[in-house]
Amino acid sequence: MIMCRLGRALVLLVLVAAPSLVNASSLPPLPEVTTIDLFPSVVKQVEEAYQTARSHPMDAAANGKLAMVLDTYEQFSLAEVCYQRAHLLDPKSFEWAYDLGYVLFKEGRYTQAVDALREALALRPDYVPAKLKLADSLFSARQTEAAGKVYQEIVQVDPGSADAWYGLGRVQAAQGDPKAAAVSLGKACELVPRYGAAQFALATAYRKLGEQEKATEHFKLYQANMTNVPPAVDPVRAAVQVLNQGATMYLRRGLDLAQAGDLQGAIQQHLEAIQADPNEVQSYINLIQLYARIGEKDKAVEAYQKAVAINPNRADCYYNYGVLMFDLRKLPDAEQAMRKAIQINPFYAEAHDSLGYLLAIQGHLDEALDQYRKAVEERPDFRLARFHIGQVLVNQGNLPEAIEEFQKILTPDDANTPGYLYALGATYARAGDRQNALAYMRKARDKAAARNQEQLLTSIDRDISNLEK
Amino acid sequence: MTRRDLLLASLAACAWPRKTPAALPLPAAPRPIFRDVAAETGLNFHHFSGAAGDLLMPEILGAGLALIDYDNDGDLDIYLLQGTMLQPDKKPLIPPPPGWKPGNRLFRNMLSETGKLEFVDVTEKAGVGHIGYAMGVAVGDYDNDGYQDLYVTNFGRNALYHNNGDGTFTDVTEQAGVGDPRWSTSAAWVDYNGDGLLDLFVCDYVDFTVLGHKKCYSPSGQPDYCSPIAYHSIPSRLFRNLGNGKFEDVTQASGIGSSYGPGLGVICMDFNGDGLIDIYVANDTAANLLWLNQGNGTLKESGLDVGVALSADGLPKAGMGITADDIDNDGRLEVLVTNLNREGVTLFRGDGKGMYDDYTTQFRLAQPTFGYTGYGVGFFDYDNDGLLDLFIANGAMTNIDSMQNSPTPYAQKNQLFHNEGPGKGFREITDGAGPFLELIEISRGAAFGDIDNDGNIDIVITNEDGPARLFLNQGVSRNHWLLVKLESPKLNRFGMGARVGVFRREMPTLWRHAHTDGSMLSASDIRVHFGLGENPRIDAIIVHWPDGKKEKWENIRADKILTLRQGTGHAL
């Protein structure tokens, strides 16, 4: 019994002591890390992690922490060395092996990533994100069959993994089996309909199968969700991501939230970005718009003033301010801001269009027309600017040219199209062409009805009724 | 004798010095495939970005070059594009070397006149030394006078130089109406409406201005060059040649203005086999665009439908350079786009029915190119074995974390890949190709052509804030070859857009194209090159002329430069 206990104690001792068996010379040297020019919020974080690793070079956790900090700021090659050290110092840690594999994958070193991820999975075979990354690495390393097996294993255990179905579909497509690929990719899209890459791959598979209609449908879904991915459930990687205190990351998150309609959340992230870097002018510029959208006009003006104080030459800053001033009915200020935006960036189509609009409502039709034409010169597909050109031409009595402009904006078919068709019909009516007027107004009515544009529908119906009399 | 004795004996043999027998010479070092002869041939050009520390976007894009036989003396002259100070009140971080001359430079090749490969700077005499912030150049004979003209894109107003045929050029930009003032990058001459007059396609990039430039940062906050996402992308332009020295902007009328991204590379070829020239544009951080020619003066964007918009992962990449040709000699087109570091190149393979798939991995290009930012690029047969190989000029655009402490954090090595044959993909031979590929520079433009008329394709590259390089192909393989120059009597005089096939019994037909576009910011040799391998036999040559006519020539000998005049072959 005593012997047995002693034996266990020895085993424990060996396990605990194992890391120290790695001597400094067998480790890759700790990389030199510079903090010059980093965001103020990042400097302290990196320096602390670096100093800790330097003063405890044989401590796996210290090396690993430094690796995580570098990793979160996409310093992958430096992070790789630190993860490598952490992994060698503590080979029983799943985190270091997995993070190492992840970073190797990011660096395009797929074969080494496979090795690291296999080691990680030997420690935690049930960690699905690591299994997925292993399959991804195998696929990228051209070990298609092996990748397929791993994806299969995942979907058997977790049929709700859209990522695994997507990976499996890509493997099947690469193996020349678009039919099987379409099934797998279809499952991925079913699980996460806004999964952009899966929609793209599914569309490609359908195209390969000659099912053009389905391909077009899924290409459209792809275009609507291009960069959307399934929500990641990966606590190990989340621990890395959460370390990011850079202004860029806050700004990115803020933009994502704004796009999703969470304006308060977006504002908060922009304020975090400013805290991370008080000179982050883009945040102030975005805040002009965000505050204006929630009705906090004073704060929007304040954001503008701060932006201009940091950089007085940002065209988008003046543009956002011009829009804000227009909302506040301060037309001279709006006009001045748009002119300033154009002075900085003469190719700014939206600023030309907005300035044109400001001029038009003040009755300066020739100047407005000039600005609208500049807008479409910069962006020939700028439908709103062409619509404005048409409006001015109608006001100037130049109906044939107005009709020509309106004709150019009837496609693509979107929410604006009924309005443009209506404008074209009305212009034909003014020109005395009753037949065309009715034809375009009826088209406008059908499209407005299909889109439930009630107000527009009422106007169109009234005009049609007058024309039919 | 035991094994130990044997070991000791061999060790002793190594340890004791002995005389090397005179009859046993040391094996010769393998001859390098290419050799940089720029300096020794007088091609002294040093690019100047004018970077002054504010990280202005145009500084990092570099500039291209053109291979053009401007004096029609039978050899390729070289036109190199130059930058300048964007902020003249500041001091450049990297001043130009002593003796440096500003503006674009034209170097005349003296080979035909003296028999020696040597270059003379004729810029002033030729009148093409535009001092601006030059980006790209397109070569084509827009007025069908038999002399190729130059279109130079700039960060700022572009310039059209008419070749007067007497060694001089005239700036005709204003009269022609092609002085696009936006930030233009690559450009291409293309007869999109089949009237025999070359029209002009100009890639435009983003609405960056010096005054309104933005400060961009890496994720950790280090100042870095901006991605194009920081600005609005602007539509490319299409100018229709009216035939009277004037062009009409048909960007909107042709449909080109309906879809756009930050355009960097362009190549014009028939991508769907309908006999009409299409236009393919590589966009930086946006889906690439394929403008399929509708045959009625309009083009329809079809990149996504056809399969060349995005790589298999569905993510838009930083498309830059383009090359397209039949790399597996199956009569179908393959297209390659260079991208950013950590993206790798994308290779699309045609199925012969107008559809394409991402075959990057199958051609073994994904991993070797992953760590590089590719710019100028070309499929070309460096060893004349009949299979098109691949060269990529590399150089980063944003800080590479592993090179942060390097004095040249954007520098990367260029890459050469050997085509191993159908089904075998490419093999990178960068490390064994000789000293020319050991250079670590910020390479940008790349143009391909036979500069010394020896049947081997040479490469000229430009380097950001560095010297231009002329990599002369040493002709190591000794395989057979043919170089075809096309001539049309009246329209599209150089046969731009023609498809040329070399037929040989029991061997795959080699189909190549007459074009100067592709790569990035650069223009290559219009002549069509064929590597023929060990067998010089050619049974016939067929030319599909841009006007739709087809002709055949027989009794052609290899290893020469051959001029094929439209109307002199057997009509098909």
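Select helix α10 (residues 178–191) of chain A together with α11(A) in this predicted model, and look at the place where A:P178, A:A181, A:A182, A:L185, A:G186, A:A188 and A:C189 of α10(A) meet A:A198, A:Q199, A:A201, A:L202, A:A205, A:Y206 and A:K208 of α11(A). Sorted by class, the residues of this contact are eleven nonpolar, two polar and one charged. If you turn the view until both helix axes can be followed, you will find that they come within 9 Å and cross at roughly 150°, which makes α10(A) roughly antiparallel to α11(A). The crossing of these two helices is left-handed.

Now select B:G314, which lies in the loop between α6 (303–306) and β20 (322–325) of chain B. Which residues of chain A does B:G314 touch? Leaving aside residues up to four places away in sequence, B:G314 touches A:G196, A:A197, A:F200, A:A201 and A:Y222. Is B:G314 buried or exposed? B:G314 is buried, because 25 other C-beta atoms lie within 10 Å. For a distance to draw in the viewer, take B:G314 and B:L304, which are ten residues apart along the chain and whose C-alpha atoms are separated by 9.9 Å.

Return to chain A and select helix α17 (residues 297–310) and helix α18 (residues 315–327), which pack at an angle of about 155° with their axes 10 Å apart. These two helices are therefore roughly antiparallel to each other, and the crossing of α17(A) and α18(A) is left-handed. To see the contact itself, show the side chains of A:K297, A:A300, A:Y304, A:A307 and A:V308 in α17(A), which meet A:C317, A:Y321 and A:L324 in α18(A). By class, this contact of α17(A) with α18(A) has seven nonpolar residues, no polar ones and one charged one.

On the α18(A) side, the contact is made by A:A315, A:Y318, A:Y319, A:Y321, A:G322, A:M325 and A:F326, while α19(A) brings A:D333, A:A334, A:A337, A:M338, A:K340, A:A341 and A:I344. The residues of the contact of α18(A) with α19(A) divide into eleven nonpolar, one polar and two charged. A:Y321 is worth a click at this point, for A:Y321 takes part in the contact with α17(A) and also in the contact with α19(A).

The tour now moves to the strands of chain B. Select β16, β17, β18 and β19 of chain B, four strands that form an open sheet in that order with antiparallel pairing. The edge strands, each pairing on one side only, are β16 (263–269) and β19 (299–301) of chain B, and the twist from one strand to the next averages 20°. Zoom in on strand β18 (residues 289–293) of chain B, which pairs with β19(B) in the antiparallel sense over three bridges. There B:W291 stands opposite B:E301 in β19(B).

A further open sheet of chain B has four strands in the order β24-β25-β27-β28, again with antiparallel pairing. At its edges are β24 (374–380) and β28 (426–428) of chain B, each of which pairs on one side only, and neighbouring strands are turned by 20° against each other on average, direction ignored. Within this sheet, three bridges join strand β25 (residues 389–394) of chain B to strand β27 (residues 415–419) of chain B, the two running antiparallel. Select B:I392 to find its bridge partner B:Q415 in β27(B).

For the last stop, select B:K560 in strand β39 (residues 560–565) of chain B. B:K560 is exposed, because 12 other C-beta atoms lie within 10 Å. A line drawn from B:K560 to B:G378, C-alpha to C-alpha, spans 22 Å between residues that are 182 apart in sequence.

Definitions and conventions
Residues numbered from 1 in each chain as written. Chains lettered and ligands numbered in written order. Predicted model: local features only at pLDDT ≥ 70, side-chain atom pairs only at ≥ 80, totals over all residues. Pairing = 2+ DSSP bridges. Axes fitted to C-alpha atoms, helices over the stretch in contact; angles between N-to-C directions. Buried ≥ 20, exposed ≤ 12 C-beta atoms within 10 Å, placed from the backbone. Parallel < 35°, antiparallel > 145°, perpendicular 65-115°, else oblique. Left-handed = near helix turned anticlockwise from the far one by under 90°. Contact = placed C-beta atoms within 7 Å. Nonpolar A, V, L, I, M, F, W, Y, C, P; charged D, E, K, R; others polar.
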